[in-house]
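Biologist: I would like to learn how to read a structure like this one. Could we go through it feature by feature?

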Amino acid sequence: VLQISKDDVTALQCKVVCLIQNGNFKEALGVINTHTKVLTSDVIAFEKAYCEYRLNRIENALKTIQSASQQTDKLKELYGQVLYRLERYDDCLAAYRDLIRNSQDEYEEERKTNLSAVVAAQSTWEKVMPEDLGLREATYELCYNSACALIGQGKLNEAMKKLRKAEALFLFALIFLQDVTEEDIEAELAIIHGQMAYIMQLQGRTEDALQLYNQIIKLKPTDVGLLAVIANNIITINKDQNVFDSKKKVKLTNAEGVEHKLSKKQLQAIEFNKALLAMYTNQADQCRKLSASLQSQSPEHLLPVLIQAAQLCREKQHAKAVGLLQDFADQHPASAAEIKLTMAQLKIAQGSVTKACMILRSIEELQHKPGMVSALVTMYSHEEDIDSAIEVFTQAIQWYQQFQASQTRGAKPKSPVHLSLIREAANFKLRHGRKKEAISDLEELWKQNPKDVHTLAQLISAYSLVDPEKAKVLSKHLPSSDTMSLKVDVDALENSHGATYVRKKAGKLTGDNQQKEQGQGDVKKKKKKKKGKLPKNYDPKVTPDPERWLPMRERSYYRGRKKGKKKDQVGKGTQGSTTAGSSELDASRTASSPPTSPRPGSAAAVSATSNVIPPRHQKPAGAPATKKKQQQKKKKGAKGGW
């Protein structure tokens, strides 16, 4: 037909629709653009906008829809999808509400699903409290979107229940579905399981979340957006640990088409984590490059500057990091508080506590906060700067006084925070010897609540150190002992399980104290002695041996052991010593043997040859005494000899 008539409108429309059905969106858009005179916006506006939408030219698709002279139902449906991709959730919500209200066909369930998805996105990304749309959660998609909205509100337990319900509904729906492949089933369940793992991660169950994330990755789903989100969440669990695994997971976030599947905040979070991972892997240049790119995209965002400062601190350039943060705080006063808190932390890490206090006191919107007051007082006390600490208390109290005066007319009781600050200031001054200043604070507290006995007692205690007469006058305001008496069972209290001291009962008294308590002359009972065991051969008629306690060798009737003929020749004593009979066995001592010739210089010793002991057999000096000591030791204790 087109060969016969190139500008046939119906033939061109059919060709465009066929190309769209085959997924050839570029070619279809090319046909539309080459025949603009024939295919005007009124004729083919929907097909053109749809091609642009599928080619991720979202802004062009929006212009095409808005330029159409007639807004058909098809264009309205596409308009809602385009607004969702552009993250204009309020306009998208209004568009879907209008569609649901003014249309009745078989696509009503899909429109309600899209409407619930918009509400979930508002709750998650814009932190808007979702309104109850009254949608019946009959399908697993509606149930899943409801769970996402609950996650945005922080209702994690309820969201987990919704996801389990969505999983059950999906498995039930498979019964009625035909031609559903196993891959389709796994893909749908992977999305639900991914949200379950995310809830586990938010609840602190990182091990369970990590296990479920890895199971999803092993399935290799075709949804690149799902894989990118799961990989990013695993990286956040790993942090500065298991860096090798994190570097592998980063590749999943760089897949083609990821930027069209995720929201801007999701993509931004992934880029932040890439910069942090570069910092943890000591890739300083890559970290600076990524953080600078993020800062150029979002100049008012805190994280890029904080990442740059953290990298400088890792390089020991603390002064440069503080300067970078100071410049950002000057350029963006709205974020100055968070930046100055980080600067103070860096100063504390360097040991400059006083400078950190100066930075903290420059944050005007936090000066009066109890947490800030507590931190400053603690830091000044550490530096022993008591005057500055008291000044912090005074400024905070004055701020509350001015605020109260501006909000109310006339006298009104002070707020609990104001009173607690005054009390803490008084206690601090008392601890550091500023009694007169503490008295004024305590008097103000007592005026606010004259029935507060604790404050009155503190006031009397402080005056007793400064003005005893005033303390006596104030003590008259204390309640009498009768009014303060409590009905307490002392015995039951002392005998309770948690008492540190338990009174002994009278029945357990023994000895002389017991005799005095009872007033009777009872004789103290003697302990019974146990009878000792007698030997088996004991004879009561025979008197025991009086020397039975002595060792056998030391008894008077001991005659020694019987010895054999061979043993008679063996002497006792230390190794190498000679016995009395050894001289008889020496052949050199007989008359027939000639005397040995003496060595030169030994003439004086020749006459005593018969009594000389060879050097090997001589005893060292003091040997007899040593032997006696050894014998004494043996007598003292040990059973066995050597």
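Modeller: Begin with how helices are assigned: helices and strands are DSSP runs, numbered from the N terminus. Keep in mind that this is a predicted model.

Biologist: What does the secondary structure of the protein come to?

Modeller: The assignment gives 30 helices and zero strands. One loop to look at lies between helix 9 (156-173) and helix 10 (182-202), and Ile-175 has its place there.

Biologist: Is Ile-175 buried or exposed?

Modeller: A residue counts as exposed when its relative accessible area is over 50%. Ile-175 has 60%, so Ile-175 is exposed. On the surface Ile-175 forms a nonpolar patch with Phe-172 and Phe-176, and together the three have about 380 Å² of accessible area.

Biologist: How should I read the confidence, and what does the protein average?

Modeller: pLDDT is the predictor's confidence in each residue, from 0 to 100. The average here is 80, and 80% of the residues score at least 70.

Biologist: Over which residues does pLDDT stay under 50?

Modeller: One such stretch is residues 588-642, where the model has eleven contacts beyond four places in sequence. Another is residues 581-585, with one contact of that kind.

Biologist: How do I describe a pair of aromatic rings?

Modeller: Two values are used, the distance of the centres and the angle of the planes. By the pairing rule, the count comes to seven aromatic pairs. Among them, Trp-399 and Tyr-400 are edge-to-face, with 5.1 Å centre to centre and 85° between the planes. Trp-399 also pairs with Phe-403, and that pair is stacked at 5.2 Å centre to centre and 5° between the planes.

Biologist: Where do Trp-399 and Phe-403 lie?

Modeller: Both are in helix 22, four residues apart, which is about one turn of the helix.

Biologist: Where does Glu-391 lie, and how far is it from Val-377?

Modeller: Glu-391 lies in helix 22, residues 386-407. Its relative accessibility is 38%, so Glu-391 counts as partly exposed. Glu-391 and Val-377 are 14 residues apart in sequence, and their C-alpha atoms are 9.3 Å apart in space.

Biologist: And what does Ser-246 touch, not counting residues up to four places away in sequence?

Modeller: Ser-246 touches Ile-235, Asn-238, Gln-241 and Leu-277. Ser-246 is found in helix 13, residues 243-253. With a relative accessible area of 0%, Ser-246 is buried.

Biologist: How would you read the protein as a whole?

Modeller: Take burial, then contacts, then surface. Of the 642 residues in the protein, 30% are buried. Among contacts between residues at least 6 apart in sequence, 47% join residues at least 24 apart. The accessible surface comes to about 44,500 Å², and carbon and sulfur atoms account for 53% of that surface.

How values were computed. Residues numbered from 1 in each chain as written. Predicted model: local features only at pLDDT ≥ 70, side-chain atom pairs only at ≥ 80, totals over all residues. Heavy atoms only, no water. Contact = heavy atoms within 4.5 Å. Patch = residues over 30% accessible without salt bridge, like charges linked within 9 Å, V, L, I, M, F, W, Y side chains within 5 Å. Areas by Shrake-Rupley, 256 points an atom, 1.4 Å probe, with all protein chains shown as cover. Salt bridge = Lys/Arg side-chain N within 4 Å of Asp/Glu carboxyl O. Helix = DSSP H or I, 4+ residues; strand = E, 2+ residues; numbered from the N terminus. Buried < 20%, exposed > 50% of the residue type's maximum accessible area, 1.4 Å probe, protein only. Phe/Tyr/Trp six-rings, centres within 6.5 Å; stacked < 30°, edge-to-face > 60°.
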